[in-house]
Amino acid sequence: MNTRTTIASLSREIATESDAYRHLEGLRWGDTPVCAHCDGTDVYLIPPANGVSRKTAGGTMSERRVWKCRSCKKQFSVLTGTMMHATKIPVRTWVLVIFDMIAAKNGISAREVERKYGVCPRSAWHMLHRIREAMASPYALMFQGVVMADEAYIGGDPKNRHAWQRVERDGRGTDKTPVVTIVDQDTGEVRSHVVTGLDQWKLGQLIVGNVDPTGSVLVTDGFKGYNLAASFFPKHEVVDHSAGQYVINGYSTNRVESFFSQLKRSIDGTHHHVSVKHLHRYVAEHDFRRSTCKVSDTERMSVLVGQMEGRLPYEELVAE
Ligand SMILES: [Zn+2]
């Protein structure tokens, strides 16, 4: 299959629920299904009772693909232990929404999911947040080499708010929330952090926590808050925008700036308003898309499916 997967081709490929299960199984397990309880691989597919689909307790036909493990004798499916465990939304819808989210540059809104797939607003919103949670990178490896760091303020324009809604979040007289993004130039991986304040201790901790400074170059703008972090690096290149500089000695912060403009466009254009409480998930969604921008949408799907274990309960999502 050489043709590029699109939402239309995927939609044809997974015409039924059991196709959608099979599709996810391929992404999660490849050719070797793994027991969700004991990691055993001596497993078999429980044959459907009537040859096509299984009857559920409620008497409706289920197209779930259920496996059984010969070692621990337990049943499982490709959904067990993932964000889709016990979902009432069709798996086919999940697969299509995940694909939509991976492929759309600005992401998709809960409203679009509601309209396109006919799920209720609450479920649409919950689904998208669960997918974003899975997109949060496990941060396995330290960055090294040429690394860019920059900060941006994300959120509503203070002049559009009532006075009582304005909160001084940090010294810059804005209720926008600072986001610090670090980019590894070699791998293209992007890691962003939503922070409550921007001082050199915070920035130092974030940068040294994600980058091995040995032999690395830190590229930042002229913000003094980077000085402590920079003291750990053998080389610090400062691209001073206020002096009209955009590239210095071949180094620039363009990549991280283009990341921020995409993020702002998405939050202003697609989501309109994102509360501070959920901002880290939107940011993780953008990190994921940017970090995987060199691979195909199908490969991105497999990366995401590999990260989707554990799920975010609705109660946790709406808790203060
Ligand atoms: Zn087992």
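Which side chain meets that of Arg70 in a salt bridge? The first close-up gives the partner, and the legends below cover further views of this predicted model.

**View 1. Arg70 and Asp42 meet through their side chains in a salt bridge.** The partner of Arg70 is Asp42, with 2.9 Å from N to O. This pair links distant parts of the chain, 28 residues apart. Arg70 sits in the loop between β4 (67–69) and β5 (75–76). Asp42 sits in the loop between α2 (17–29) and β1 (43–45). Arg70 is partly exposed, at 43% relative accessibility. Asp42 is also partly exposed, with a relative accessible area of 39%.

**View 2. Four cysteines coordinate the zinc ion.** The donor atoms are the SG atoms of Cys35, Cys38, Cys69 and Cys72. They lie at 2.3 to 2.4 Å. Along the chain, the donors follow the spacing C-x2-C-x30-C-x2-C. Why is the arrangement tetrahedral? The four donor atoms subtend angles of 104 to 119° around the zinc ion, and four donors count as tetrahedral if all angles lie between 85 and 135 degrees. For reference, the ideal angle for four tetrahedral donors is 109.5 degrees. Cys69 is buried, with a relative accessible area of 1%. Cys72 counts as partly exposed, at 25% relative accessibility.

**View 3. The buried residues of α4 line one face of the helix.** Helix α4 spans 110–117. Its buried residues are Ala110, Val113 and Tyr117. What do the buried residues of α4 pack against? They pack against α1 (7–13), α3 and α5 (121–135). Arg111 and Arg115 are exposed, on the other side of α4. Gly118 follows the helix, and its phi is positive, near 65°.

**View 4. Ser109 lies in the loop between α3 (91–103) and α4 (110–117).** Is Ser109 buried or exposed? Ser109 is buried: its relative accessible area is 10%, and buried means under 20%. Which residues is Ser109 in contact with, leaving aside neighbours within four places in sequence? They are Leu128, Thr270 and His271.

**View 5. Asp100 and Lys116 form a salt bridge.** The closest N and O atoms are 2.9 Å apart. The pair links distant parts of the chain, with Asp100 in helix α3 and Lys116 in helix α4. The two residues are 16 residues apart. Asp100 counts as buried, at 10% relative accessibility.

**View 6. Arg132, Glu285 and Arg289 are linked in a network of salt bridges.** Within this group, Glu285 pairs with Arg289. Their closest N and O atoms are 3.0 Å apart. How many residues separate Glu285 and Arg289 in helix α9? They are four residues apart, about one turn of the helix. Both Glu285 and Arg289 are buried. For the model, the count comes to ten salt bridges.

**View 7. Cys120 lies in the loop between α4 and α5.** This residue counts as partly exposed, at 40% relative accessibility. Ile89 is 31 residues from Cys120 along the chain. The C-alpha atoms of the two are separated by 9.8 Å.

**View 8. Cys293 lies in the loop between α9 (276–291) and α10 (297–307).** Cys293 is partly exposed, with a relative accessible area of 48%. In sequence, Cys293 and Lys105 are 188 residues apart. In space, they are 10.0 Å apart, C-alpha to C-alpha.

**Overview. The protein chain has eleven helices and twelve strands.** Of its 320 residues, 46% are buried. Among contacts with a separation of 6 or more, 64% come from residues 24 or more positions apart. The accessible surface of the protein chain comes to about 16,300 Å². Carbon and sulfur atoms account for 51% of that surface.

How values were computed
Residues are numbered from 1 along each chain as its sequence is written. This is a predicted model: local features need pLDDT of at least 70, side-chain atom pairs count only at pLDDT 80 or more; totals for chains, interfaces and linings use all residues. Side-chain values use heavy atoms; hydrogens and water are left out. Buried means under 20% relative accessible area, exposed over 50%, partly exposed in between (1.4 Å probe, protein chains only). Contact means heavy atoms within 4.5 Å. The arc is that of the directions from the helix axis to the C-beta atoms. Donors are N, O and S atoms within 2.8 Å of the metal (3.2 Å for Na, K and Ca); water is not among the atoms, so sites may look incomplete. Four donors count as tetrahedral if all angles lie between 85 and 135 degrees; four count as square planar and six as octahedral if opposite donors are over 155 degrees apart and all others between 65 and 115; anything else is irregular. A salt bridge is a side-chain nitrogen of Lys or Arg within 4 Å of a carboxyl oxygen of Asp or Glu. Accessible areas come from the Shrake-Rupley method with a 1.4 Å probe; for residues, only the protein chains shown count as cover.
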